[in-house]
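Hello,

Here is the structure for you to look through. My notes on it follow below.

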Amino acid sequence: MQLRLELFVEAPERSLDFYRLVLGFEIRGSASADYTLLTNGDAAIAFNSRSALASDHPLRIETGERAGLGIEIVLSVSDVDDAYRRAKESGWPLSDLAQQPWGFRDFRLIDPDGYYVRVTSQHAS
């Protein structure tokens, strides 16, 4: 089984830039406002324009509302120091790199639509 997230976003271009420049994802296939798939290793996230959702769709939110409440997107990486360096160089606001009590190191950030993202070491040290 594999997991692919599909995020409905206000401005797909802005989200594509964030996931590519800050988190190192790459576009698979062609990019469009209707559907764009990004991958980084085994992680796959697709983006759709929120405006494509029907007015009664359960994922529909109003402009300015925070998307993804109650969801934490966790990206496991083999080199969290490298991922942190890349994210920091992008200029995007993020937490400090921290050692967690459960043995993993991670940092956290919020994407342009308000989705909460944690980037963590793949293996406890």
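Arg4 and Glu6 form a salt bridge, with their closest N and O atoms 3.0 Å apart. Keep in mind that this is a predicted model. Arg4 is partly exposed, at 46% relative accessible area. Glu6 is partly exposed too, at 35%.

In total, the structure holds twelve salt bridges. Side chains of opposite charge can pair when their charged atoms come close.

Now look at Asp106. It forms a salt bridge with Arg108, and the closest N and O atoms are 3.0 Å apart. Is Asp106 buried or exposed? It counts as buried, because its relative accessibility is 1% and the cut-off for buried is under 20%. Asp106 also meets Arg118 in a salt bridge, at 4.0 Å from N to O. This pair links distant parts of the chain: Asp106 sits in strand 7 and Arg118 in strand 8, twelve residues apart. Arg118 is buried as well. Elsewhere, salt bridges with shared partners join Glu10, Arg14, Arg50 and Asp113 into one network.

Next, the nonpolar side. The largest nonpolar core has 25 residues. Tyr19, Leu23, Phe107 and Leu109 have the most contacts inside it. Several elements give two or more residues to this core, among them strand 1 (4-9), helix 1 (12-21) and strand 7 (105-110). Which element gives the largest share? That is helix 2, with four residues.

Best wishes

How values were computed. Residues numbered from 1 in each chain as written. Predicted model: local features only at pLDDT ≥ 70, side-chain atom pairs only at ≥ 80, totals over all residues. Heavy atoms only, no water. Core = buried A, V, L, I, M, F, W, Y, C linked by side-chain atoms within 4.5 Å. Buried < 20%, exposed > 50% of the residue type's maximum accessible area, 1.4 Å probe, protein only. Salt bridge = Lys/Arg side-chain N within 4 Å of Asp/Glu carboxyl O.
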